[in-house]
Every structure is written in structure tokens, then in C-alpha cells.
Amino acid sequence: MLERVATARLPKQADVVVVGGGVVGCAIARELSRYSLSVVLLERAPDVAMGTSKANSGILHAGFDAEPGSWKARLNVRGAQLYKEISEDLGIPRRRVGSLVVALDEAQRDTLEELRYRGIENGLTGLALWGRDEVLAHEPNLSPDVTGALWAPTAAIVCPFSATIAFAENAILNGARIVTECAVTGIEVIGGRTTAVETTLGRIETSFVVNAAGVHSGDVAAMAGDESVTITPRRGEYVLFDHSVGDLVHSVVFPTPTKLSKGILVAPTVHGNVFIGPNANDIADLDDHETTRGGFAEIIAGARRMVPNLPLANAITEFAGIRAVAGNDFVIGLSPLVRGLVHAAGIQSPGLTAAPAIAETVVAFLGEAGLKLSPNAAFMPINPVRPKFADSSARERAKLIETNPLYGRIICRCESITEGEIVAAIHAPCGARTMDGVKRRVRAGMGRCQGGFCGPRVTAILARELGIAVTDVRKDSEGSWLYIPRDLPQAESESAEQSYA
Ligand SMILES: Cc1cc2nc3c(=O)[nH]c(=O)nc-3n(C[C@H](O)[C@H](O)[C@H](O)COP(=O)(O)OP(=O)(O)OC[C@H]3O[C@@H](n4cnc5c(N)ncnc54)[C@H](O)[C@@H]3O)c2cc1C
């Protein structure tokens, strides 16, 4: 089970400690669980998928973008291949929709040609240069100024939180432990090799530490005295649209890229929404997830160049994710200074796509560093399937309700999510503990009303199922309580209200 601060008893020793419960750390924990090892993943937030892995474009990139031979290029292509089987095994929603890089003038068409050659060098097949008419026939809502596009048929979209949670769940099912609300505060190094990690919950002795701490991977490396990782945080903001405009585009639509980023795109999500974004701005604070008025305007202007009639009245929310930029490539491999420390750091885009391939690579490095890799004979690659009411036929729904009447109670009207699904998500091996945890697992609160209707009902279900008071249920992080106890002294109640404002 996912272990929380209240219940977790930290093991005193582990073969490997993975720092960070993003898609990379969770994929690594799962890959390690193929072997007979004690594996502990430590995450400072209350849940997995609360860093960059919860706020990105959700694209499994085809792989034409990265410099041939780089980690990014090799692991993108391998990762995209691996997802075909993994998403089936782990129940990760994935849809192959293809992607278009759109040119709006003749000079940009030259860049498309360069991208196509780069893709071929990276081992891709099926890339094609389309003319204006072909592009507009495929995507009629694009600007008539389009002059052509690079079509990549293998690009796909996934749900990034589901991917992270699915890796975590499978790791747990195969014996790994995941402890949340447990920040790593130090790494003990004796005689040039890791011997233990210090955490907010205590100490774990270990000879192998994997640094998968996202934007904080520079800090974690420095805890071991390794200053080789420097992260520049680069924020990307998004605007998300409701299902009702889900057919605005059918594929991922990129502009011709710049040196800084792949540009502001317009893309479908695997759940039938559409989003625009991200922009790319270097920021000072590693955890600054603010969305800004300027960013909103920039995203709209960028997206309008490709899709002039944006349905802005159907925008339902904004969010931001932070790229962990460490130069042009991922930082993957053995620490140059500390034996037993392996970095999966600076994992910017295409890190979601590359995650399963990064996991294979990190485990190979751990083997090289002396970790004994004996296969876990009981390894089970498949996650249990949980019913999804909205995707079920009338007959399946009737059967579900007959077996468990909770599937007959719709809690989230926007997304048609039932109480049965919420209860199952809470009691799953990597179960939800917060309102946002429920949202990321079953989408209650992801729809047009953004939880305005179902929020209180989800809170009540969490309280009942976890055996806690509703005043102890949180939105997500420490202090994000949803209700103030009635008997709180007035001064405390006022300060609590202020902190929610
Ligand atoms: C705007 C944007 C768009 C993107 N779009 C795409 C895309 O479409 N396709 C794609 O392939 N990639 C994309 N990416 C990249 C992808 O999202 C990332 O590469 C990936 O999510 C990185 O995962 P991670 O596990 O390394 O980091 P994170 O998800 O950030 O996880 C790191 C975790 O470490 C934890 N942590 C940090 N310090 C400590 C500590 N001391 N102790 C314990 N825990 C700690 C954090 O709380 C966090 O949960 C995008 C990124 C951004 C920002």
C-alpha cells in the first residue's frame, strides 16, 4: 500500500532507495521490482505524480525532435515503443493520434525537412511532409495560412497521472514500498560511497540511491556532495478546454519549434478535452507553479496563429508545469563523484515518453555499480482492471450496479464518475488520500465545474473510507484542509480562513 506519514514506518535498510515519485521514479521502482530486491521510493509530497509529472502535455512524442545520439533521442524512441505494451499491461489510457508540425511560411518548411531527416536518423519510419491541402483536410480548424506540415503517425497521447500512478501501483504489487510525505534531507557518504539517506521520517541504510527528484535533482545530488547537476526551472503554462470542443483538433498540432521549446501547441487529451500551451519561461523558484495573466495572453496568441477560432468560452482551467532543464540533454548515469548514486536528473521533455526506457537504463547502471539483479520469480507485469462507468456499455453498467450499488451513484456529473470508482481508487494499492488524489485517479472534479459540485461529496467519501473527520481531508498538500472544525477557537479559525484565501 501507499504509505503515509501517519502510518509509515520507514524500513531501517533497503537495497535501493529511489528519491522522487514522479513518472521517472515510479517507472524505476517498477523496473527494480522485476528483481529480488528491497526497494523503497520516497516522495516528499502527499502523493505520487505531484511534480512535473502532473502538469505536462501528455504526449508520447514520436522522436524526431531530439539530437541524434543523445539520451533524449534514444530513450524517447525506445520509451514510445515500450508504452505500447506497458499501457495495455498497466491500464494506462493511451491513444495513437499522430502529430503535425505546422509551417506557416516557406522558411519554416525548410525546418520541417530538417526535422524529418533528424527523425529518420533517430530510427523513425512513416514521417511524411504534407502539403497545405492535405493538412487542412486532416485538421479543418487550422489557419488557412498553413503552408505544409510534418506528419508523424506514431505520436500518441496518454494520461500522465495515470501513467505515474500505474507504474507506482505495479511497483507496490511487486513488493516495492512507496512512502509519501517523506522528504530526503541528506545522503550519507562514507569512503566515497553512499551508505544511508536521511529523511524527515528517519534514516535508511542503503548502498544505492537513485536521484529522480525532478526540478530538485540538483539539490539531491548536492546532498551527497555531488555538484555536477544544475537545474534551471523553466515554467510552461496551459489552458484546458471542455469536452464539448473535443474535436477542435484530432492530432497533436505543434508549431515549427524554436531553440527554447517545441512551442505552443494545440492538442487533444486522451480524455476528450483539448488544451493549448505551454509557453516557456525561465523562473527563479523551483516550485513556482503560478499561472499568469501574461502567460495566458501569450498562449492564446501562440495557439491562434495555428487555430484562429479558439473556443475561449469553453476554457475550464489553467495550470503550469516546470521543466527541469540541465543543459540540452537528460543527466542519466553514475555520479561522477559518489559510488552507489545514480542520477535520472534534468528529465525535461520528452521525459514522460522516455520514462520506461530511462528506468531500464538506470537499472542497468545500478547493475554496473554492483547491485545484484536476480529476477523476481513472482513479478507480475499486469495491474488489476478497475471498471470505468463512463466507458461501459448499458449492459456492463447494469451488471456493475447489480454487483455493487455504489456504481449506480454518480458523484461527478461532468465526467460521470460513480461512488464505486472513487471507493475503488481509495482502496487501490497506490490509493488516493486527498481530493486531488481522487481527481487524478478517476477524474472526479476534472470536468467543466472543476469539482464545484462533487468536491464536498468526494470529501465525505474520503473521510468515511479513510476513517477520518471531514476536517482532516485535504485538497492535496500539508495545510490544504477543505473544512474548518466548528469548534476551532475564533482566532485560529480566522487565520485558517486567511490561509485558504
Ligand atoms: C510544460 C511541460 C510539458 C511537457 N510535455 C511533455 C510531453 O508532452 N511529453 C513528454 O514526454 N514529456 C513532457 N514533459 C516532460 C515530463 O513531464 C517530465 O520529463 C517528467 O514528468 C519528469 O518526471 P520526473 O519524475 O523526473 O519529475 P517529477 O514528476 O517532478 O518528480 C520528481 C518528484 O521528486 C520529488 N522530490 C523532490 N525532492 C525530493 C526530496 N528531497 N525527497 C523526496 N522527494 C523529492 C518531487 O516532489 C516530485 O514528485 C513536459 C514537461 C513540462 C514542464
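Student: Why are α2 and α5 called roughly perpendicular to each other?

Tutor: In this predicted model, the axes of α2 (residues 71-90) and α5 (residues 160-173) cross at roughly 70°. Angles of 65 to 115 degrees count as roughly perpendicular, so α2 and α5 are described that way. Their crossing is left-handed.

Student: Which residues in α2 and α5 meet?

Tutor: Y83, I86 and L90 in α2 meet A163, A166, F167 and N170 in α5. By class, that contact has six nonpolar residues, one polar and no charged.

Student: What makes α10 and α12 oblique to each other?

Tutor: The axes of α10 (residues 419-427) and α12 (residues 455-466) come within 10 Å and cross at roughly 45°. That angle belongs to neither the parallel class, under 35 degrees, nor the perpendicular one, 65 to 115, and therefore the two helices are oblique. α10 passes α12 in a right-handed crossing. The contact of α10 with α12 includes seven nonpolar, one polar and three charged residues.

Student: What about R44 and S57?

Tutor: A backbone N or O atom of R44 lies 3.2 Å from a nitrogen atom of the ligand. For S57, a polar backbone atom is 3.2 Å from a ligand nitrogen. Both values are within 3.5 Å, so they count too.

Terms used:
Residues are numbered from 1 along each chain as its sequence is written. This is a predicted model: local features need pLDDT of at least 70, side-chain atom pairs count only at pLDDT 80 or more; totals for chains, interfaces and linings use all residues. Side-chain values use heavy atoms; hydrogens and water are left out. Axes are lines fitted to C-alpha atoms, for helices over the stretch in contact, and angles run from 0 to 180 degrees between N-to-C directions. Helices (H or I, at least four residues) and strands (E, at least two) are DSSP runs, numbered from the N terminus. Angles under 35 degrees count as roughly parallel, over 145 as roughly antiparallel, 65 to 115 as roughly perpendicular and the rest as oblique. A crossing is left-handed if the near helix is turned anticlockwise from the far one by less than a right angle, and right-handed if clockwise. Ala, Val, Leu, Ile, Met, Phe, Trp, Tyr, Cys and Pro count as nonpolar, Asp, Glu, Lys and Arg as charged, and the others, Gly among them, as polar. A polar contact is a pair of N or O atoms within 3.5 Å; within protein, one must be able to donate a hydrogen and the other to accept it, and residues adjacent in sequence count only if both atoms are side-chain atoms. Contact means heavy atoms within 4.5 Å.
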